[in-house]
Structure formats: structure tokens, C-alpha cells
Amino acid sequence: MRSIWNGAISFGLVSIPIKLVNATESRSVSFRQIHAADGGRIRYRKVCELDGEEVTQAEIGKAYEDADGTMIPITDEDLAALPLPTAKTIEIVAFVPAADIDPLQMDAAYYLSANGVPAAKPYTLLREALKRSDKVAVAKYALRGRERLGMLRVVDDVIAMHGLLWPDEIRAPEGVAPETPVTVRDAELDLADALMATLGEVDLSTLHDDYREAVEEMIAAKAAGGAGVAPPEPGGEGGGQVIDLMAALEKSVREAKEARGEPAEVTDIKAKKATAKKAPAAKKAAAKKTTAAKKTTATTKKTAAAKKTTTKKATPKKRTA
């Protein structure tokens, strides 16, 4: 893999020469803009709005637009004169638990490769230290003309770095949550739990882009002189508002079980709870019946014993002549 940046990891007084490599790649199908009438490519030209002349890349500079529209030219020399200690260094500033990093901050991902034989030992040292501490390293680095925040972690036997957004670049979720008060019943939560349990876990490596595959098949069919692929038939159900949440949850659980080859019966949560409530009452009634029967049996035995005793006392003894 081709490196996009060369520098070093600053780990206290230890410097580790590294190469930065992209860890991800886009697989999406890209399209060109064309003139629909004749199929000609549509291209963009960079034109100066003052004189209307097209300019080359060598003639293009940078500027900051002020609030009043004034353009303030900024040269590469101006930027190079700024104090930027992380220009060629990934400077580790702290080690924190991975849970402390908000996933909203996660950005591009890179692999850090040891640059040269002497870098192998300190690179391995940092990697093993990260493994044993079960923490991630927070670092600063400069890339493409600006200082950035990063997180270093271990992936297999490689140190990976995730670019992070600065905390002030994360918007607060104001006005996003439902404003209307909503009450969720226990039965609905039970069905949601059942649906989550039925869907279970998934091996992320088995997931793929169905839409991209359909686009590639359509392009291949048209390239072979065909008319593409037939449009899908419209579904019977639309994506409108769910009227009966319980019915939708029960149907979702049933379909998820059928997809996994399991019995599609869905336990009625209400009936289950009603049965659970009736069970203690039935047990109490049965216990009362058993106690009453035991008391009746004991009373009968005492009465019989008392009769026998009375009979014995009433019988006169025979006298010997």
C-alpha cells in the first residue's frame, strides 16, 4: 500500500519513524456528467469572475473571505511560518480508555507502518504497551495543512490511527429528540427485546453492498447491448406511519424467526403476563384446599378415636362365678 504521509510518532522521548497508509477505500460506483442530447462529457473550468478568463492551477492561490466579502490572500509561506510542532510528528498527549472516545468524533482511518528496521523495536514496544494497558492513545498530528486530533489503537499486529473531530466540531443534539411526551409500555419493550434477541448477532464481514452490486449488474447488461435490468415490482406496503406498534413488532419477530428457520410462533406477551398473574392465585387456592382437606381428615380421625374410647368405657366387665 502506498503511503500518504511520512513522519514519526512522539512517545515521550521515544521517536518512532512511521509511514501513514489509508486503512479504508471507497467501493462506490462513480458516474460522469454528460450532455444528455449527445453524450458529451461535461467538464468544469476555473474562470476568474473579474476578467472572465480561464486560469490554470499554477495561477490559483488561497484567500480567506472576511465577513464583508473582502478576500484576504494567504500564501504558502504564511502558513509555513506558523508554529506547528506536529507538522511531521504524531504527538501522543494522553492514554485513555477507549470508552472515553465518543464515536461521533470518529473520522478517517489509517494504518501506521514502521518506517525502516530501526523503527521496528520502538513500534513493537508501543503496540504491546497499548495491548497490555487496554487503552488508546490520543495524539495530535498535522495533515493537509491543518492540525488534527487522532486516536491510536491496535488492530491485529498493527497500530491504527483514527482521525478525530475536535470536541467543538460536534454539534449538540438540540431539537432532535421527539418533543411530544411518549409512554412506552412494558409489553412493547418485551416485544422489542424479543425482536433484538431473534435478530441476534451478525458477522460484519458477511455484509455487503446490495445496491452497488445491482448497479454493476445493470452497467454490465447495458454494456453488453441490453436494456439494463427490470425495475422491481412495487411492494404492497408503503413506508408510512406505523399505526399498530404491537402488531408491527409481532410481525417483525415472526419474519425474523422465519428467516432464521426457527418456529414462527410469537408468544403473546399479554397472555403470558396474565398467566403469570393467575398462577400465584391458583397456587394459593390449591394450598387452601389442601389445608382444608387435611383439617377435615384430622377431625374425622379424632372423632373416631373418641367414639372407640367411649364404647370401651360403657361395656360392663364380666364377673367370675
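**Close-up views of a predicted model**

**View 1. Strands S8 and S9 in the barrel.** Strand S8 (residues 146-155) and strand S9 (residues 158-164) run antiparallel and are joined by seven bridges. Gly 150 has Gly 163 of S9 as its bridge partner. The two strands belong to a closed barrel of seven strands with mixed pairing, in the order S1-S2-S6-S9-S8-S7-S5. Neighbouring strands of this sheet are turned against each other by 40 degrees on average, direction ignored. Strands pair if DSSP finds at least two bridges between them; axes are lines fitted to C-alpha atoms, for helices over the stretch in contact, and angles run from 0 to 180 degrees between N-to-C directions. Strands (E, at least two residues) and helices (H or I, at least four) are DSSP runs numbered from the N terminus.

The model is predicted: local features need pLDDT of at least 70, side-chain atom pairs count only at pLDDT 80 or more, and totals for chains, interfaces and linings use all residues. Residues are numbered from 1 along each chain as its sequence is written, and side-chain values use heavy atoms, with hydrogens and water left out.

View 2. A salt bridge is a side-chain nitrogen of Lys or Arg within 4 Å of a carboxyl oxygen of Asp or Glu. Lys 131 and Glu 128 form one at 3.7 Å, N to O; both lie in helix H2 (residues 120-133), three residues apart, about one turn of the helix. Lys 131 also forms a salt bridge with Asp 157, with the closest N and O atoms 3.3 Å apart. This pair links distant parts of the chain, since Asp 157 is in the loop between S8 and S9 and Lys 131 in helix H2, 26 residues apart. Shared partners join Arg 127, Glu 128, Lys 131 and Asp 157 into one network.

View 3. The side chains of Asp 76 and Lys 62 meet at 2.9 Å, N to O. Asp 76 lies in helix H1 (residues 76-80) and Lys 62 in strand S3 (residues 62-65), so the pair ties together parts 14 residues apart in sequence. The structure holds eight salt bridges.

**View 4. The buried face of helix H5.** Met 246, Leu 249, Val 253, Ala 256 and Lys 257 are the buried residues of H5 (under 20% relative accessible area, 1.4 Å probe, protein chains only). Seen down the helix axis, they fall within an arc of 100 degrees, so they line one face of H5; the arc is that of the directions from the axis to the C-beta atoms. These residues pack against helix H3 (186-199), contact meaning heavy atoms within 4.5 Å.

How values were computed: Buried < 20%, exposed > 50% of the residue type's maximum accessible area, 1.4 Å probe, protein only.
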